[in-house]
Amino acid sequence: MQYHESMIELVGNTPLVKLNNVTSPTGATVLAKVEYFNPGGSVKDRIALRMIEAAERSGELKPGGTIVEPTSGNTGVGLAIVAQQKGYRCLFVCPDKVSTDKINVLRAYGAEVVVCPTAVDPEHPDSYYNVSDRLVRETPGAWKPDQYSNPNNPRSHYETTGPELWEQTEGRITHFVAGIGTGGTISGTGRYLKEASDGRVKIIGADPEGSVYSGGTGRPYLTEGVGEDFWPDAYDRNVTDEIIAVSDKDSFQMTRRLAKEEGLLVGGSCGMAVVAALEVAERLTPEDVVVVLLPDSGRGYLSKIFNDEWMADYGFLEEDGTAGAQVGDV
Ligand code: PMP
């Protein structure tokens, strides 16, 4: 019989798909690593599995223990799936700006979710940060993965995403493009590819305009899961050869084109990464192979990026370069 022991065995080994319609015929071949094929629907399943298994080995996470993490999105889903299969409890802390749909997904997988007010200072006892720290202190057997500083986040990509890409392209990859959130994906995958190619493969980060990685001040942007207002430990800045800043408008317009023209219903950070990948591909020839990593599915963004009214409110549907309402106005 052909079957898998559990959903955990389906983490990783995602397909590479050529982009045919958003690309230019004179530029490089562009291949997309489609991470929504992971069981939890995102690249974050990889780090969830590796962080939990490392904590089991080190004894930080004991049988029947509780995983406490401030997360509202993809990392929470990955942790929740691995935790339920291994018999751990999950306690997640989310700010109240997170959509109820996202919270319901986490609860559907059996996680408990504590919702905290967004409109309080970080020092306030009810703030997102303080509540998660207090839950770690007060919950017996609690363990906090902390994806921003956990070395097993980049390591999971060094051990899986990097080798997969090297094998799938038979060593012909010349450029790797990925968005930077915690920095785990680009640091781990990038380091593996640099080592495997003796430094030949170029590593390019894609970043929302305003984020610190591309020289911004941390001003707000709408692309989710990428960009930061601080420098996390999981990000190794020595690995990236170049960072390309992309506007929300360009990211979201490309996200919609990927669904319409490539059959890829993916998230906003995927559109962002593809904009950067195409900028790189334009400078190259069809012999070059640019791989762009697409972190998640577009299902979580139907009421935003794939909703014309929401897009129009921000001026993101306009053809020219002018933006409509500013982020802070809404
Ligand atoms: N896109 C999305 C939608 C994400 O959830 C994340 C993870 N925060 C990323 C991109 C960036 O990945 P990383 O944290 O590995 O840099």
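In which sense do strand E7 and strand E10 pair, and over how many bridges? In this predicted model, strand E7, which spans residues 175-179, and strand E10, which spans residues 289-294, pair in the parallel sense over 3 bridges. Within this pairing, Phe-176 has Val-291 in E10 as its bridge partner. Both strands belong to an open sheet of 6 strands, ordered E1-E2-E10-E7-E8-E9, in which the pairing is mixed. The edges of this sheet are formed by strand E1 (16-18) and strand E9 (242-246), each of which pairs on one side only. On average, and with direction ignored, neighbouring strands of the sheet are turned by 25° against each other. Helix H6, comprising residues 184-196, lies across E7, E10 and strand E8 (202-208), and runs at about 170° to E7.

The largest nonpolar core of the model contains 49 residues, and the members that touch the most others are Val-177, Ala-273, Ala-276, Ala-277, Val-290 and Val-292. Helix H8 (residues 268-282) supplies the largest share of this core, with 10 residues. When neighbours within four places in sequence are left aside, Val-292 is in contact with Val-30, Ala-32, Val-177, Ala-273, Val-274 and Ala-277. In soluble globular proteins, nonpolar side chains tend to be buried together.

The model also contains an open sheet of 4 strands, arranged in the order E5-E4-E3-E6 with parallel pairing. Here the edge positions are taken by strand E5 (112-116) and strand E6 (142-143), each pairing on one side only. Strand E3, which covers residues 66-70, pairs with E6 in the parallel sense over 2 bridges, and the bridge partner of Ile-67 in E6 is Trp-143. Helix H3 (residues 100-108) lies across E5 and strand E4 (89-95), with a direction at about 155° to that of E5.

The surroundings of the ligand were examined next. The ligand is surrounded by 16 residues, of which the closest are Gly-181, Thr-182, Thr-185, Gly-225 and Ser-269. Sorted by class, this shell comprises 11 polar, 3 nonpolar and 2 charged residues. Among the closest residues, Thr-185 falls within the span of helix H6 (residues 184-196), whereas Ser-269 falls within that of helix H8 (residues 268-282).

Methods: Residues numbered from 1 in each chain as written. Predicted model: local features only at pLDDT ≥ 70, side-chain atom pairs only at ≥ 80, totals over all residues. Core = buried A, V, L, I, M, F, W, Y, C linked by C-beta atoms within 7 Å. Buried ≥ 20, exposed ≤ 12 C-beta atoms within 10 Å, placed from the backbone. Contact = placed C-beta atoms within 7 Å. Near = placed C-beta within 6 Å. Nonpolar A, V, L, I, M, F, W, Y, C, P; charged D, E, K, R; others polar. Pairing = 2+ DSSP bridges. Axes fitted to C-alpha atoms, helices over the stretch in contact; angles between N-to-C directions.
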